[in-house]
Amino acid sequence: MANGQKKRLSQKIADFFLRQSGWQVVGQYPEFPKCIVVGAHHTSNWDFVYAMLMKFSLGEEFHWVGKASIFRWPLGGLMRSLGGIPVWREKKTNFVYQIVEAFQKAERLLIVIAPEGTRKHTPYWKSGFYYMALGAQVPIVLAFIDYRLKHIGFGPSLFPSGDIQADFAQMRAFYA
């Protein structure tokens, strides 16, 4: 938000809830017009609540990927209006290509993806987000929710090199 701009009511309300619950937004909102944001580690339904509070607090627009079942009635319209993009995990829909196409068509697009693909602990990350960023030639921004410190925000970014092993090692080092 540019200096001197007044905060909208939605920003003030989000700030109030974050402040009252002891949470703080840290780091710099990505300055890239297009990027994939890795939201790790996704461990709780509360991640969504805090991410939406951050979104409204910053007054910024971003989209996020979620399992298709949360886009059914009665919450489907609300989830889409909050920037949600459904993914049908049980169907082969070439979702990676669809997102790459969306980046090619958009002037500005920031998409948040949980690399685990679930809230459960997983020993590995799914690689779709990486191939989306590689195919669209956009950076990957590392974001986080730290429940111990009550911080939510953005960390460093990297441009995928095509060497998935090396790039994943860099990302895992940040989240270690």
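The model is predicted, so local features require pLDDT of at least 70 and side-chain atom pairs pLDDT 80 or more, whereas totals for chains, interfaces and linings use all residues. Residues are numbered from 1 along each chain as its sequence is written, and side-chain values use heavy atoms, without hydrogens and water.

K55 is buried, at a relative accessible area of 4%. Buried denotes under 20% relative accessible area, exposed over 50%, and partly exposed the range in between, for a 1.4 Å probe and protein chains only. Beyond its neighbours within four places in sequence, K55 contacts E60, E61, F62, L82 and G83, contact being heavy atoms within 4.5 Å. The charged end of K55 sits over the ring of F62, 5.2 Å from its centre. This term requires NZ of Lys or CZ of Arg within 6 Å of the ring centre and within 35 degrees of the ring normal.

The structure holds 17 aromatic pairs. In the pair W46 and Y50, the ring centres are 6.0 Å apart and the planes lie at 35 degrees, so this pair is tilted. Rings of Phe, Tyr and Trp (its six-membered ring) pair if their centres lie within 6.5 Å; planes under 30 degrees apart are stacked, over 60 edge-to-face and the rest tilted. Both W46 and Y50 belong to helix α2, four residues apart. W46 is exposed at 52% relative accessible area, whereas Y50 is buried at 12%. F48 and W64 form an edge-to-face pair, with 5.0 Å between centres and 70 degrees between planes. This pair links distant parts of the chain, from F48 in helix α2 to W64 in strand β3 (residues 63-67).

Ring pairs also link a cluster that includes W125, F129 and Y130. The charged end of R172 sits over the ring of W125, 5.4 Å from its centre.

The largest nonpolar core has 30 residues, and I36, I111, F129 and M171 have the most contacts inside it. A nonpolar core is a set of buried Ala, Val, Leu, Ile, Met, Phe, Trp, Tyr and Cys residues joined through side-chain atoms within 4.5 Å. Its largest share, five residues, comes from α5.

Definitions and conventions: Helix = DSSP H or I, 4+ residues; strand = E, 2+ residues; numbered from the N terminus.
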